[in-house]
Amino acid sequence: MTEDRAKEAALNCLKDEPPQKYVWDAFVRVFHWSLVVAFSIAFYYRESEWDRLIHVYAGYTVAGLIAARIVWGFMKTGYASFRAFPLNPLLAVRYLWLTAQGRSRRYIGHNPAGSVVIYAMLFCGITTVVSGFLVYNDGWLIDDPGYIKSLHYYVSWLWLILVVMHIIAVITESILHKDNLIWAMITGCKRSSTKLEKSYWKKEI
Ligand code: HEM
Ligand code: HEM
């Protein structure tokens with residue numbers, strides 16, 4: 001059933017002019033935009049006691065989304081699988097270096113620098129949610145969790161910094177490689193590699 005749907009989506013991408021490749025499955029797209037909404041709500045309603053319940057429920061939504069994404073990442077889910085975008089900081093630095101010179105190659109899935117930021121965001125997400133849970137349920141595991149409160153505060157701000165970097169990188173990458181990555185995260189379809197790109201890079205990733 002899911003395979004049939006994936007095939008249908010891939011065929012729809014092929015109908016585009018020029019034909020496109022199906023890269024982001026429905027799960028990843030729904031996960032991504034739901035995470036954007038839940039994170040924004042949690043951040044917006046972070047301060048007052050009055051809004052605490054909205055903050056906490058948005059935070060739990062983030063937790064559920066991240067847990068589901070991790071399970072999805074360990075499955076055979078093509079470009080969404082963790083195997084398709086390994087965590088490799090050295091490759092990420094090299095990619096940034098080449099990008100600064102306008103020489104980086106185009107990736108169909110996540111590029112090495114994007115991958116590092118994605119893993120960092122997932123890590124910040126888990127830490128934020130676990131620390132938030134411990135602060136909210138004061139006394140359940142830890143009494144008077146002052147340092148966990150600080151951790152929750154700083155890691156959520158770190159996450160926000162990563163989000164800003166992520167958005168700047170998505171826009172830069174879209175301009176450099178003449179892609180519309182934002183639209184691809186909505187439709188799932190992405191421009192296929194050109195013949196020149198393929199011959200240059202040998203295989204499409
Ligand atoms: C709270 C804000 C955001 C968070 C936490 C976030 C998080 C993520 C994560 C975790 C991924 C990896 C997707 C996956 O493989 O499952 C991703 C990819 C992506 N995000 Fe975001 N994102 C945020 C905001 C945005 C915004 C505002 C945009 C558009 C301007 C955007 C555009 C994209 C795109 C285009 C990708 C795919 C990148 C690629 O082609 O490699 N994100 N984001
Ligand atoms: C995306 C997820 C989350 C983000 C971005 C986030 C962010 C923040 C931030 C920035 C603050 C500091 C507010 C201030 O300026 O004083 C805060 C406070 C707080 N958060 Fe979260 N949070 C998240 C999830 C959660 C969750 C899941 C819980 C509980 C289950 C939680 C419980 C709390 C509590 C109790 C406080 C008040 C701490 C205090 O008394 O200083 N948060 N959160």
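## Around ligand 2

Helix α5 gives the largest share of the shell around ligand 2, six residues. Helices here are DSSP runs of H or I with at least four residues, numbered from the N terminus. This is a predicted model, where local features need pLDDT of at least 70, side-chain atom pairs count only at pLDDT 80 or more, and totals for chains, interfaces and linings use all residues. Residues are numbered from 1 along each chain as its sequence is written, while chains are lettered from A and ligands numbered from 1 in the order in which they are written.

There are 20 residues around ligand 2, and A42, G59, G132, Y136 and S156 come nearest (a residue is near if its C-beta atom, placed from the backbone, lies within 6 Å of the molecule). Two or more residues each come from α2 (26–44), α3 (52–73), α5 (112–136) and α6 (146–176). By type, the shell has eleven nonpolar, six polar and three charged residues (Ala, Val, Leu, Ile, Met, Phe, Trp, Tyr, Cys and Pro are nonpolar, Asp, Glu, Lys and Arg charged, and the others, Gly among them, polar).

## How α3 meets α5

The axes of α3 and α5 lie 10 Å apart, at an angle of about 140°. (Axes are lines fitted to C-alpha atoms over the stretch in contact, with angles from 0 to 180 degrees between N-to-C directions.) From α3, V56, G59, V62, A63 and I66 meet L122, G125, I126, V129, G132 and Y136 of α5, contact meaning C-beta atoms, placed from the backbone, within 7 Å. That contact splits into eight nonpolar, three polar and no charged residues.

Definitions and conventions. Contact = placed C-beta atoms within 7 Å.
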